[in-house]
Amino acid sequence: RLVSSRCVLECRNEVLRDALTVGRWRGKSEIRLPPIVTALQWNTLVTLMYTERVDLNSVAHVQLVRPILKKLAEHDVIARLDREVDLARRVNSGRIPSLNKVTRLVIKPPFKSYALRCDFLALLRDAERPELAADRFADVCVRVEDHELYLHRFFIQRRSEWFRVLLTGRFSEGNERIEQGECAMAVVTVHALPYHTLMVVLRYLYTDLSLIHISEPTRLLSISYAVFCLKKKT
């Protein structure tokens, strides 16, 4: 069994988004992959969706993962893999002098690529649109002041000890549940932070980025304290 987060797959690839929201995978918490999809192919795909990296233990594995990348229209990734394979062959054949042969193939995100963070930030931007909660696979509702935010445990619970404790039933707030579309989700109320401060913290949990103007020292201090209290996991 291979466990993956639907919210990440949905926001990172259009083909997967269609399959999960309107296609054959809609409403399913467990999906049986076709026999032609191997564990190597799926793990490579999930790593790409989560990190924008491809890490293969053998150059020969490129031919094995190419079909699923082509099926999901990841043409840019395929082109980058082809360039790396060509380079590896030239090194291994001696056309490019090198002390070591290339056995493992790794491609990293392009320099100054913000695609991953932009996709994750898009999830947060839709957090106050309840009509999108189901299609965005939100699974927790956070109430702060007069706002309701439809968020994802994958980001806030995994990356914040404070949210993890809040959502695992140790506090009564985590026991309330609401129906939103086709899904039921836990509801928690945040009293310790104002709305705007919480949004900066959430942006940090979703993307590792926080945009704070240096002319706002009081707000900066408040947000820094909030991040400290939330005990972000690394």
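Let me start with a term: a residue is called buried when its relative accessible area is under 20%, and exposed when that value is over 50%. Please keep in mind that what you see is a predicted model. With that cut-off in hand, we can turn to M185, which sits in strand β6 and counts as buried because its relative accessibility is 0%. Although M185 and D139 are 46 residues apart in sequence, their C-alpha atoms are 5.0 Å apart in space.

Now, where do the nonpolar residues gather? In soluble globular proteins, nonpolar side chains tend to be buried together. Here the largest nonpolar core has 56 residues, and those with the most contacts inside it are V142, L149, L151, I156, L198 and L202. Helix α9, which spans residues 195–207, gives this core its largest share, namely seven residues. There is also a second, separate core of seven residues, and among its members are M185, A133, A138 and C141. If we follow L151 and set aside its neighbours within four places in sequence, we find that its contacts include L124, A127, V142, I156, L202 and Y206.

Let me move on to D126, which lies in the loop between α6 and β3. Is D126 buried or exposed? With a relative accessibility of 17%, D126 falls under the 20% cut-off and therefore counts as buried. Its side chain is joined to that of R136 by a polar contact of 3.0 Å, and, once neighbours within four places in sequence are left aside, D126 is in contact with L132 and R136.

Next comes helix α2, residues 14–21, whose buried residues are L16, A19, L20 and T21. These buried residues pack against two other helices, α1 and α3. The N-terminal end of α2 is capped by N13, which has a side-chain oxygen 2.9 Å from the backbone nitrogen of V15.

Finally, I would like to show you the largest pocket, which has a volume of about 1,100 Å³. It is lined by 35 residues, and S4, R6, K28, S29 and E30 are those that lie nearest its centre. The elements that each give two or more residues to this lining are α1, α2, α3, α7 and β6.

Note on methods
Residues are numbered from 1 along each chain as its sequence is written. This is a predicted model: local features need pLDDT of at least 70, side-chain atom pairs count only at pLDDT 80 or more; totals for chains, interfaces and linings use all residues. Side-chain values use heavy atoms; hydrogens and water are left out. Buried means under 20% relative accessible area, exposed over 50%, partly exposed in between (1.4 Å probe, protein chains only). Helices (H or I, at least four residues) and strands (E, at least two) are DSSP runs, numbered from the N terminus. Contact means heavy atoms within 4.5 Å. A polar contact is a pair of N or O atoms within 3.5 Å; within protein, one must be able to donate a hydrogen and the other to accept it, and residues adjacent in sequence count only if both atoms are side-chain atoms. On a 1 Å grid over the protein atoms alone, a cavity is a set of points where a 1.4 Å probe fits but cannot get out, and a pocket is an open set with protein on both sides within 12 Å along at least five of seven lines; lining residues have an atom within 4 Å of a point. Grid points are joined across faces, edges and corners, and a volume is the space filled by probe spheres set on the points. A nonpolar core is a set of buried Ala, Val, Leu, Ile, Met, Phe, Trp, Tyr and Cys residues joined through side-chain atoms within 4.5 Å.
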